[in-house]
Amino acid sequence: MLKVRERELLLSLAAAAAAVVAAWLMGWWSPRAGFRLFLPEELARYRGGPGDPGLYLALLGRVYDVSSGRRHYEPGAHYSGFAGRDASRAFVTGDYTEAGLVDDVSDLSFSDMLTLQTWLSFYEKNYELVGKVVGRFYEEDGLPTPALTLVEAMISKGLEASDQEMRAKQTFPPCNTEWSSARGTRFWCSPQSGGVSRDWTGVPRKLYKPGAKEPQCVCVRTTGPPSDQTPDTTMHRNRGDLDHPSLGEYKGCPPLAVACSFPP
């Protein structure tokens with residue numbers, strides 16, 4: 001019972017953390033006194049070369065002074081293409097060509113937006129925020145554009161999806177898996193499989209997810225009430241989550257075996 005309550009507390013804290021991060025993001029977009037507004041052609045002068053006034057880059061329209069990381073961004077350095085511009089897209093795609101070093105993130109996924117949020121956290125922590133660049137993400141008065149509002153919404157949705165994924169992983173932790181050409185494939189469960197620590201081991205099952213081409217091997221609890229019932233529920237079959245409709249057994253594997261092996 002204590003373990004279940006601890007897990008519920010962990011999940012509630014994760015949800016609260018996601019809400020805090022979302023609120024923090026909303027604060028990032030808000031205008032601040034003393035910020036300088038750059039036109040793209042003005043920001044282009046800040047590439048860290050001889051005679052340049054500084055070494056800046058922009059991410060989602062926010063301009064950071066990266067002079068302290070000069071060896072990464074100065075002319076000739078590996079990330080020099082980011083200097084003097086907003087190349088938000090390349091933070092996700094890794095495309096450092098001129099065509100890829102752009103600020104258009106309109107077709108990126110929720111997961112990609114979370115990657116950008118991680119980069120924002122990095123620059124907020126390590127570099128000085130000096131202004132905003134007028135264009136895709138900020139208006140001439142420094143207020144967010146609809147494009148930035150959409151990014152914010154997608155990051156919030158991505159955080160929600162990440163929280164839901166963590167909850168699902170707590171219910172159905174991934175199996176341990178190994179493969180060799182000599183022995184074939186082996187799935188097995190343990191109290192720490194899939195990076196999820198718990199007070200039960202479980203048995204391997206196929207988890208079918210909507211839209212997924214192949215089922216995923218997960219460990220399924222075999223005793224107590226289903227996860228969608230409260231722990232103190234008395235009316236249940238004491239089969240844990242074995243009867244979940246999205247699960248399937250592995251053919252040739254005993255139903256309650258903690259490991260399944262399949263020859264090559």
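1. Strands β3 and β4 run antiparallel and are joined by four bridges. If you want a spot to look at, find Val-63, which stands opposite Gly-131 in β4. Please keep in mind throughout that this is a predicted model.

2. Strand β4 has another partner to look at. Strand β1, residues 36–38, pairs with β4 in the parallel sense, over three bridges. Here Phe-38 has Val-133 of β4 as its bridge partner. How many of the six residues of strand β4 are buried? Five of them are, so this strand, residues 128–133, is largely enclosed by the rest of the structure.

3. The secondary structure comes to six helices and 10 strands. Of the 264 residues, 39% are buried. Among contacts with a separation of 6 or more, 58% are between residues 24 or more positions apart. The accessible surface is about 14,700 Å², and carbon and sulfur atoms account for 55% of that area.

4. Now to a second sheet, towards the end of the sequence numbering used here. It is an open sheet of three strands in the order β8-β7-β9, with antiparallel pairing. Which strands stand at the edges? They are β8 and β9; each has a single partner strand, so one side of each is left without a neighbour in the sheet. Strand β7 (residues 203–207) is joined to β9 by two antiparallel bridges, and Lys-206 has Gly-248 in β9 as its bridge partner. As a reminder when you inspect side chains, those in a regular strand alternate between the two faces of the sheet.

5. Leu-60 has a positive phi of about 50°, although it is not a glycine. Leu-60 sits in the loop between β2 (56–59) and β3 (62–65). Is this residue buried or exposed? Leu-60 has a relative accessible area of 0%, so it counts as buried.

6. The other position is Asn-238, again not a glycine, with a positive phi of about 55°. Asn-238 belongs to the loop between β8 (216–220) and β9 (247–248). Its relative accessibility is 43%, so Asn-238 counts as partly exposed, whereas Leu-60 is buried.

7. The loop between β8 and β9 also holds Asp-228. With a relative accessible area of 71%, Asp-228 is exposed. How far apart in space are Asp-228 and Gly-240? The distance is 9.9 Å from C-alpha to C-alpha, while in sequence the two residues are 12 apart.

8. Asp-228 and Gly-240 come up again when you turn to the pockets. The second largest pocket has a volume of about 260 Å³. Its lining has 16 residues, and the closest to the pocket centre are Pro-226, Ser-227, Asp-228, Gly-240 and Asp-241. What kinds of residue make up this lining? It divides into four nonpolar, seven polar and five charged residues. For background, rolling a probe the size of a water molecule over the atoms shows where empty space is left.

9. One is strand β4, which pairs with β1 in the parallel sense and with β3 in the antiparallel sense.

Notes: Residues numbered from 1 in each chain as written. Predicted model: local features only at pLDDT ≥ 70, side-chain atom pairs only at ≥ 80, totals over all residues. Heavy atoms only, no water. Buried < 20%, exposed > 50% of the residue type's maximum accessible area, 1.4 Å probe, protein only. Contact = heavy atoms within 4.5 Å. Areas by Shrake-Rupley, 256 points an atom, 1.4 Å probe, with all protein chains shown as cover. Pairing = 2+ DSSP bridges. 1 Å grid on protein atoms, 1.4 Å probe; cavity = no way out; pocket = protein on both sides within 12 Å on 5 of 7 lines; lining within 4 Å. Points joined across faces, edges and corners; volume = space filled by probe spheres on them. Nonpolar A, V, L, I, M, F, W, Y, C, P; charged D, E, K, R; others polar.
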